[in-house]
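Please keep the sequence and the structure at hand while reading.

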Amino acid sequence: MRPYYITTPIYYVNGEPHIGHAYTTIAADLLARFHRMRGRPTRFLTGTDEHGQKIERKAKEQGLDPQTFVDRLIPSFHEAWKAIGCEPDDFIRTTEKRHEVVVDELWKRCLASGDIYLGHYEGWYSVIDEAFFTEKDIENGKVKENGHPVEWVKEPGYFFRLSKYTDQLLAYFEAHPDFVRPEGKFNEVKAFVKQGLEDLNISRTTFRWGLPVPGAPDHVVYVWFDALTNYISALGGPGSVDGGAPGALYAKHWEPHGEAVHLIGKEITRFHCIYWPAFLMSAGLPLPTQVFAHGWMTVNNAKMSKSAGNFLPPAPIAEAIGTDALRYYLMRDVALGSDSDFSHASLLARYHGDLGNGLGNLLNRMVASIVRTSFDGRVPHVTSDRLGDLERNVIATAERSAESAAKFFADIAPHRALEAIWELVGVTNKYVDQTEPWALAKKGETARLEVVSYTVLESLRWLSLMLWPVMPSKCDELRAQLGLPPVAPTEGLDRWPSAWGGLVAGTQTKPGAPLFPRMDDDQQRAFYLRLGAPVAAALEKKVEPKKAETKTDKAPKGEAKKETKVTTSTTDAAGTGLITIDQLSAVDMRLGLVKSAERVAGSDKLLELKVDIGEPEPRTILAGIAEHYAPEALVGRRIAVVTNLAPRTFAKFCKTSHGMVLAVKDASGLSVLSPDKDITPGVKVS
Ligand code: MSP
């Protein structure tokens, strides 16, 4: 099997890691675990980028020398990765000797190719980006793209002949259509190169914190030339050992023998997709197989920053809700290539919905209850001739899920893999509802109960394998409850599920604690407060329903409506009639699952719905749709609802509505808005 190598960017050590860094690291960890459990020789690298002007300045601000400054911060990275269940095989620091020797070698090779020359640099530099910018990238002393300040730098410098590589890079891109993903990013890279490339300044003289340029110690190597080299220095690349021969790890995991994938945030594509390949071409070394650029994450819809108070270190969140729940949420909620938002409320909705109600419940219902009481906790024996259509449907779903999930994980689309896996969670839960094992137990229909129990337990075994890359601890816990050993991947052995029936009859199951225990309102409130997050509007309202109701009750009829309108659709200050993203996000719209629906006695228009929106109890919502829908047509249907609308009391019917159903209406009639997939109740509409 072809060895696999996955890397994260090496993070600047100018502060502690936050949830954005965690996002990349978890995605890389997931990919490493996936390939490892498929039996591939796998290596996962992360590390820290410790040189450069930014760090030198930060250290100075604190009155420390740069080495002491970075040394003090390193433990926070190790602790953060441990807290989120990431287990890199190696952690490279650019201040290590093993790194310096490879940077030296790379420099010398580029020099030998005639691609490095001494010149004079004059231009704009952004210390935050550690990058040079041209006049067209700058506006009012700031980088147009990100608003970072630039300063005019004038100094002698070594240049890399990047201009020489324009055609060679374009030809390489043409020949390697998957070199950069997603495709949109690749197109941007190609367009940038097509404009023609300028030579790049790769040394600095105005500060000292960096690696010395070989043979010119008054220059330090440009921090990106230094940093990018980590991907091969950590493998013991050229220059590592006497005589410059690369080590065994390099030979194994780097091209052409290994598949080497760099996972990065989208803001550093230029460095990874243009500079890095050009340096390698010049040095006569193979390029990585692929660069995958993921989107950026905001927190509760705002850019993360310490001053905005939404700087989120990952460890406290993992402690509050569990490492694996956090990993699941981050990998499930967004397409890796797109931008995303971290919201505490969505995290809780996924926790209670997908994980608690979906997966945890399945295990609990079966192992802690049915199998324990009916079969003494042992897996029953079932022969294939006893399987009916319902069982065959579960098996077919398991096979379909496993096939798609494997494809999507391999394709770096974890959210789609998880979607595919949740099809099995959904179908197995439905199977339990259809077969009613409790009733079978009560009626003493043991033969049928054996079939049902085995089907659910085996489905859980498949899930414990497919979900392991994302939730390794919880999957091993789940397996322990099934009486199975931890996954523990082994090189050369494919552990991905493929054959139904692997769970051996007679295996002793071991009921344990619920995997994802439900948090009641007080615990949820404590969760928000502990993390300094805004307490979700829905929860606030649930906690103080009386207050809101009285307020609405007292208001004269039309006025309550007006009040609602003002809070949800205020226009922006400039009076343009447009709303800001903050105003939009003040409206909490969620996906709901209709649990029950009935006509309101005395009204032709109103239906009373109980809607599961991921909260402990279903919401009561009165909707004026009785003329368009029979109540039974709505039960089991997924609909979009506004959940933070002030409660509205219909005094005539002595009923209060705690939300609003979203619907569209024209001459052809009224239609409630429904997704075309079985989306989890409680997920935010965005
Ligand atoms: N040191 C360079 C990378 C050198 S790689 C040879 C650097 N470091 S960084 O500390 O700024 O980290 C950048 C990476 O952290 C991003 O590329 C991304 O992977 C991750 N993220 C940092 N903030 C993020 C978000 N808000 N959202 C998602 N990922 C983010 O650039």
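With the side chain of which residue does the side chain of threonine 620 make a polar contact? The partner is lysine 610, whose side chain lies at 3.0 Å from that of threonine 620, where a polar contact is a pair of N or O atoms within 3.5 Å, one of which, within protein, must be able to donate a hydrogen and the other to accept it, and where residues adjacent in sequence count only if both atoms are side-chain atoms.

The model is predicted, so local features need pLDDT of at least 70 and side-chain atom pairs count only at pLDDT 80 or more, while totals for chains, interfaces and linings use all residues. Residues are numbered from 1 along each chain as its sequence is written, and side-chain values use heavy atoms, with hydrogens and water left out.

Threonine 620 sits in strand 21, residues 619–623, with helices (H or I, at least four residues) and strands (E, at least two) being DSSP runs numbered from the N terminus. Threonine 620 is buried, at 18% relative accessible area; buried means under 20%, exposed over 50% and partly exposed in between, with a 1.4 Å probe and protein chains only. Beyond its neighbours within four places in sequence, threonine 620 is in contact (heavy atoms within 4.5 Å) with residues including Glu608, Leu609, Thr656 and His658.

Aspartate 115 belongs to the loop between helix 4 (97–112) and strand 5 (116–126), and it is buried with a relative accessible area of 0%.

Methionine 1, in the segment before strand 1 (4–7), counts as exposed at 58% relative accessibility. The C-alpha atoms of methionine 1 and proline 41 are 7.3 Å apart, although 40 residues separate the two along the chain. Setting aside residues up to four places away in sequence, methionine 1 touches Arg38, Gly39, Arg40, Pro41 and Gly492.

**The ligand and its surroundings**

The ligand is surrounded by 24 residues, the closest being Ile10, Thr24, Asp49, Glu267 and Met297, where a residue is near if one of its heavy atoms lies within 4 Å. These shell residues divide into 13 nonpolar, 9 polar and 2 charged; Ala, Val, Leu, Ile, Met, Phe, Trp, Tyr, Cys and Pro count as nonpolar, Asp, Glu, Lys and Arg as charged, and the others, Gly among them, as polar.

| Residue and protein atom | Ligand atom | Distance |
|---|---|---|
| Threonine 24, polar side-chain atom | oxygen | 2.7 Å |
| Histidine 294, polar side-chain atom | oxygen | 3.4 Å |
| Methionine 297, backbone N or O atom | nitrogen | 2.9 Å |

Of the 670 Å² of accessible area that the ligand has on its own, the protein covers 94%, areas being taken from the Shrake-Rupley method with a 1.4 Å probe and, for residues, only the protein chains shown counting as cover.

**The chain as a whole**

The chain has 24 helices and 27 strands, and buried residues make up 53% of its 686 residues. Its C-alpha trace spans about 90 × 70 × 50 Å along the principal axes. Among contacts between residues at least 6 apart in sequence, 73% join residues at least 24 apart.
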